[in-house]
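Take a first look at the chain below.

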Amino acid sequence: MKPEVEFSDCMCLSIRKASRHITQAYNDEFQGLGINITQFSVLAILFGSGKESITNVAHHLGADRTTVTRAIAILEKKRLINIVLGDDKREKLVALSKKGTEILDLARPRWKSAQSKIEHLLTNQIDNLKSNLGRLHHL
């Protein structure tokens, strides 16, 4: 019996596959720096905001707290971030370390390179893609 819908038409599968390819493009650019695109994103968020709670970092990434906690543990082990206490001493905040800033400075042009390659592949479609992807958070 032939299914009514071909699985090759599955939006979830197509988007996940594209996401893996995009992730790999960024990770290829970061080779030799000891970070991946998720870790770069955490460093970039901290650069822009100073100190953040793990919950806020997760919110900025659109990821769950458990995933971000793992990424933060790796970044802390690499001494790219520092964990500091918040004002009420119960909350732990994450802050970019000096070494993290240095790695971010080295990674930024590589990020731009990956970004440009992807945008070039999607010429004339990038604005629509960004708009459409932005709407998916309402699902």
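Contact here means heavy atoms within 4.5 Å. Among contacts in the protein chain between residues at least 6 apart in sequence, 50% join residues at least 24 apart. The model is predicted: local features need pLDDT of at least 70, side-chain atom pairs count only at pLDDT 80 or more, and totals for chains, interfaces and linings use all residues. Residues are numbered from 1 along each chain as its sequence is written, and side-chain values use heavy atoms, with hydrogens and water left out.

Start with the overall plan. The protein chain has six helices and three strands. Both are DSSP runs, numbered from the N terminus: helices are H or I with at least four residues, strands are E with at least two. From the N terminus on, the order is α-α-β-α-α-β-β-α-α. The protein chain has 139 residues, and 25% of them count as buried. Buried means under 20% relative accessible area, exposed over 50%, and partly exposed in between (1.4 Å probe, protein chains only).

Now turn to helix H2, residues 37-49. Its 13 residues reach 18 Å from the first C-alpha to the last, close to the 18 Å expected at 1.5 Å a residue. That expected span is 1.5 Å times one less than the number of residues. Asn 36 caps the N-terminal end of H2. One of its side-chain oxygens lies 3.0 Å from the backbone nitrogen of Thr 38. Just after H2, Gly 50 takes a positive phi of about 90°. Which residues of H2 are buried? They are Ile 37, Gln 39, Phe 40, Val 42, Leu 43, Ile 45 and Leu 46. An α-helix has 3.6 residues a turn, so residues three or four places apart point the same way.

Next comes the sheet. Three strands form an open sheet in the order S1-S3-S2, with antiparallel pairing. Two strands pair if DSSP finds at least two bridges between them. S1 (51-53) and S2 (81-85) stand at the edges with a single partner strand each, so one side of each has no neighbour in the sheet. Neighbouring strands are turned by 35° against each other on average, direction ignored. Helix H3 (residues 54-61) packs on this sheet and touches S1 and S3. The direction of H3 makes about 90° with that of S1. Axes are lines fitted to C-alpha atoms, for helices over the stretch in contact, and angles run from 0 to 180 degrees between N-to-C directions.

Look at strand S3 (residues 92-96). Four of its five residues are buried, so S3 is largely enclosed by the rest of the structure. Leu 96 is the bridge partner of Ile 81, while Val 94 stands opposite Glu 52. Six residues lie between the strands in the hairpin of S2 and S3, and there Lys 89 takes a positive phi near 65°.

What holds the most contacts inside the largest nonpolar core? Phe 30, Ile 35, Phe 40, Leu 43, Leu 46, Ile 72 and Ile 81 do, in a core of 24 residues. H2, H3, helix H4 (65-77), S3 and helix H5 (98-121) each supply at least two of its residues. Such a core is a set of buried Ala, Val, Leu, Ile, Met, Phe, Trp, Tyr and Cys residues joined through side-chain atoms within 4.5 Å.

End in the loop between H4 and S2, at Arg 79. Arg 79 is exposed, with a relative accessible area of 63%. Its phi is positive, about 65°, although Arg 79 is not a glycine.

How values were computed:
Polar contact = N/O pair within 3.5 Å; in protein donor to acceptor, adjacent residues only side chain to side chain.
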